[in-house]
Amino acid sequence: MEQAKTRDHKIDITDIAISKISRVDLSDFSEEQCITMQEKHKALLRTAQMQNGSNEVLFIDDLEFTSEVTVLGDEFKVSPAKNPFAVSVIINADRQSLIYMHNHPSTNNFSIGDIDTFVCEKAIKVMSVVTNQGDVYIMNKLSTYSYNNTRSLLNDIYNSFPDGEIDDREFVSIFLKRCKEGGIEYARSR
């Protein structure tokens with residue numbers, strides 16, 4: 001319980017956290033895809049727990065979950081650039097053909113950097129964050145997705161902060177509330 005009070009500090013992954021990961025349904029994914037994503041989220045936290053000291057791990061996969069690439073990060077970030085194979089997969093992927101699943105060692109959902117990567121990387125269709133406590137957050141580019149509308153939304157949010165003093169949590173919160181304007185579905189575990 002003490003760890004739960006510290007939102008911005010690393011929380012060690014427990015077997016209980018892994019077991020509580022629930023399925024998140026996406027409007028354009030089949031039930032089978034949603035169940036498989038739930039299992040991948042559990043495997044991701046298990047990998048972070050057993051192989052990476054509860055630090056960040058990134059799984060990059062296709063929409064059928066047949067070609068997973070794993071990248072290990074540190075407490076604060078994970079970058080596909082650390083893995084030449086991951087870079088190759090991203091460069092050669094079709095538009096909106098990849099799923100990025102990663103964990104956050106704290107209880108935070110998406111970061112501004114996550115949102116920027118999701119919006120700017122054409123190959124990403126879905127990005128998820130699993131906290132080390134087992135909560136799941138997902139952004140999904142729908143058929144109505146518009147890069148230009150989403151960039152405009154991001155600019156509006158940025159400009160709403162006086163003097164460039166951006167509060168990261170507030171920025172992310174506003175974006176997730178309004179992301180439908182760009183054709184993005186936001187879903188989370190209950």
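Modeller: Take the sheet to begin with: it is open, has six strands in the order S2-S1-S3-S4-S5-S6, and its pairing is mixed. This is a predicted model, where local features need pLDDT of at least 70 and side-chain atom pairs count only at pLDDT 80 or more, while totals for chains, interfaces and linings use all residues. Residues are numbered from 1 along each chain as its sequence is written, and side-chain values use heavy atoms, with hydrogens and water left out.

Colleague: What makes S2 and S6 edge strands?

Modeller: Each of them pairs on one side only. Strands here are DSSP runs of E with at least two residues, helices are runs of H or I with at least four, and both are numbered from the N terminus. Two strands pair if DSSP finds at least two bridges between them. From one strand to the next, the twist averages 15 degrees.

Colleague: How do you know that S3 and S4 pair?

Modeller: Seven bridges join S3 to S4, and the definition asks for at least two, so they count as a pair. The two strands run parallel.

Colleague: Which strands does helix H3 lie across?

Modeller: H3, residues 84–92, lies across S1, S2 and S3, and runs at about 130 degrees to S2. Angles like that go from 0 to 180 degrees between N-to-C directions, with axes fitted to C-alpha atoms, for helices over the stretch in contact.

Colleague: Now H4. Why is Asp114 called buried?

Modeller: Buried means under 20% relative accessible area, exposed means over 50%, and partly exposed is in between (1.4 Å probe, protein chains only). Asp114 has 12%, so it counts as buried. Asp114 lies in H4, residues 112–120, where Ile115, Phe118 and Val119 are buried too.

Colleague: What covers the buried residues of H4?

Modeller: The cover includes strands S3, S4, S5 and S6, along with helices H5 and H6. Leaving aside neighbours within four places in sequence, Asp114 itself is in contact (heavy atoms within 4.5 Å) with His102, His104, Asn109, Met127, Val129 and Met139.

Colleague: Let's do charges. Why is the pair of Arg46 and Asp15 called a salt bridge?

Modeller: A salt bridge needs a side-chain nitrogen of Lys or Arg within 4 Å of a carboxyl oxygen of Asp or Glu. The closest N and O atoms of Arg46 and Asp15 are 2.7 Å apart, so the pair meets that limit. Arg46 lies in H2 and Asp15 in H1, so the bridge ties together parts that are 31 residues apart in sequence. The structure holds nine salt bridges.

Colleague: What makes Glu181 and Arg178 another one?

Modeller: Their closest N and O atoms are 2.8 Å apart. Glu181 is partly exposed at 46%, and Arg178 is partly exposed at 29%. Elsewhere, salt bridges that share partners join Arg23, Asp25 and Glu31 into one network.

Colleague: Where is Asp25, and why is it called partly exposed?

Modeller: Asp25 lies in the loop between H1 and H2. Its relative accessible area is 45%, so Asp25 counts as partly exposed. Asp25 meets Arg23 in a salt bridge of 2.7 Å, N to O. Leaving aside neighbours within four places in sequence, Asp25 is in contact with Cys34, Glu185 and Ala187.
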